[in-house]
Every structure is written in C-alpha cells, then in structure tokens.
Amino acid sequence: MRILDLARRHRGKLALCFVLAAAALWLARGYGPGNTREKLLDFGESLPPAAFIAAFLVLPLLGFPISIFLVLAGIRFGLVGGMTLAAFGITCHHLASFRLAHGCFREPVQRRLARAGHTMPSIPSRHRLWFTALFAAIHGPPYIAKLYLLALTDLPFRIYLGIGAPIYILFCLIPVGAGSALIDFNPTWLYLLLAASTVLLLAALAFRRCRAPGRP
C-alpha cells in the first residue's frame, strides 16, 4: 500500500520519467551499434525537429550521453544548424544545472558531505578562470557530472557560464561535424575534424602544463 500511495502522490513525476525513458530508448535504438551508416542517416534525418530539440534540452541533464545528440544534430541539421542547436542547448544546460545546484540539490548534497566529514568545495578566486577552463576541456568524466560538480562549488555564475559554456561549445564542433560529414561522406571534413581535435587536445595539455602546481 505504501508503494501505491507514493505512486499516486508522485504520479506526475513518474509520468515524466516514463516519457523521458521512452525518448532515451527511442534515441538509443536508432543509434545502436548494429546500425549501418545508411540506417543511421535515415534515422537522423527522420527525427522530428521539435521532439529532438526538446530531448536535447532535457535528456543530457539526466545523464543521457550528449555525444549521441551532437552527432544526430549534425545529421539532422547540418554543421551550421547543428552547432547553433548545440550552442543553445549547452547554454540552457548551464542555466538549468546552476539553478538546480544552488536550489533543491544543494541542501541534500551539503548534508551528505557533512555526514562524511566534508564541506562543499571552494575554488580560490585567483584560480577560478583557469580551473573552469581546464575542467571543461578535460575529457573523461561524463558531461552531467562535470556540469553539476562545477556548479556545486562557490564558482560565480558569470564564470561558470562565460568560461565553461564556450569551451563545451567549441568541442561540439567535432561530433556535430562528424554527423554532418556522414551526409555526403566528404573525406575533407574528416581530415579537418581530425586536425581540429588534435589542436584542441594539444591546447588543453599545454594549458594544463602551464598551470601545473609550482609554475607561476
């Protein structure tokens, strides 16, 4: 009975979770590893624009891999349209994650840290710019984890959005460009994307080396 009572009390949230899960499964099915290039192109080009944009704005905040959306955005809207959507979506993600991290998420996280004997992390003001840039540029941690972890610190919103978002948007050029290159399979695009990814990686490593402990 308790489970039924909870389900009735939170039926709106459960319905939303069901819709989001269905959307995630739908996208995952179209992007599955068994699909050929032709099937992936057909799936990407058949996506309803409004539904795809809505899913792009919401699902990455719930942990769905953003790279899938970026490739599909390149297929569905091309390089310019895909990058426009990526810039808009990442800006919205930063706005939402910062608001959540400083709203309903903050108190539960603070309580858990306090029980473990820790406090909310603090970034010294003199390190905020380079730390935000480096944290956003490093690949490895999931996109959702990087968004929320940085937002939970005492980082000001202007730095969180003004430094972090442009770096994420810059790195979107690679998967969005890869998706758009699939449309005509132009090898030139692939070479340019490979060169861009190499330059971005070297720039991130050089920036990290210059800001390593013990350096001025």
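Author: Along the sequence the pattern reads α-α-α-α-α-α-α-α-α-α. The model is predicted: local features need pLDDT of at least 70, side-chain atom pairs count only at pLDDT 80 or more, and totals for chains, interfaces and linings use all residues. Residues are numbered from 1 along each chain as its sequence is written, and side-chain values use heavy atoms, with hydrogens and water left out.

Reader: How many helices and how many strands does the protein have?

Author: The count is 10 helices and zero strands. Helices (H or I, at least four residues) and strands (E, at least two) are DSSP runs, numbered from the N terminus.

Reader: What percentage of the protein counts as buried?

Author: Of its 216 residues, 36% count as buried. Buried means under 20% relative accessible area, exposed means over 50%, and partly exposed lies in between (1.4 Å probe, protein chains only).

Reader: Where does α5 bend?

Author: At G78, by about 125°. The bend at a residue is the angle between axes fitted to the seven residues ending there and the seven starting there.

Reader: What makes α4 and α5 oblique?

Author: Two packed helices are described by the angle between their axes and the distance between the axes. Axes are lines fitted to C-alpha atoms, for helices over the stretch in contact, and angles run from 0 to 180 degrees between N-to-C directions. Helix α4 (residues 49-58) packs against α5 at about 45°, with the axes 9 Å apart. That angle makes α4 oblique to α5. Under 35 degrees is roughly parallel, over 145 roughly antiparallel, 65 to 115 roughly perpendicular, and the rest oblique.

Reader: Which hand does the crossing of α4 and α5 have?

Author: Right-handed. A crossing is right-handed if the near helix is turned clockwise from the far one by less than a right angle, and left-handed if anticlockwise.

Reader: Why is α5 called roughly parallel to α8?

Author: The axes of α5 and α8 come within 9 Å and cross at roughly 30°. That angle makes α5 roughly parallel to α8. This crossing, too, is right-handed.

Reader: What makes α7 and α8 roughly antiparallel?

Author: The axes of α7 and helix α8 (residues 143-151) cross at roughly 165° and come within 10 Å. That makes the two helices roughly antiparallel. Their crossing is right-handed.

Reader: Why is α7 called largely enclosed?

Author: Seven of its 10 residues are buried, so the rest of the structure largely encloses α7. Among them are R128, W130 and L134.

Reader: How do you know whether S122 is buried or exposed?

Author: S122 has 55% relative accessibility, so S122 counts as exposed. S122 sits in the loop between α6 (106-115) and α7 (128-137). S125 is in the loop between α6 and α7 as well. With a relative accessible area of 58%, S125 is also exposed.

Reader: What makes the pairing of S122 and D154 a polar contact?

Author: Their side chains are joined at 2.7 Å. A polar contact is a pair of N or O atoms within 3.5 Å; within protein, one must be able to donate a hydrogen and the other to accept it, and residues adjacent in sequence count only if both atoms are side-chain atoms. S122 and T153 are 31 residues apart in sequence, yet 5.7 Å apart from C-alpha to C-alpha. S125 and D154 are 9.5 Å apart, C-alpha to C-alpha.

Reader: What about S180, buried or exposed?

Author: S180 lies in helix α9. At 9% relative accessibility, S180 counts as buried. A polar atom of its side chain lies 2.9 Å from the backbone oxygen of G177.
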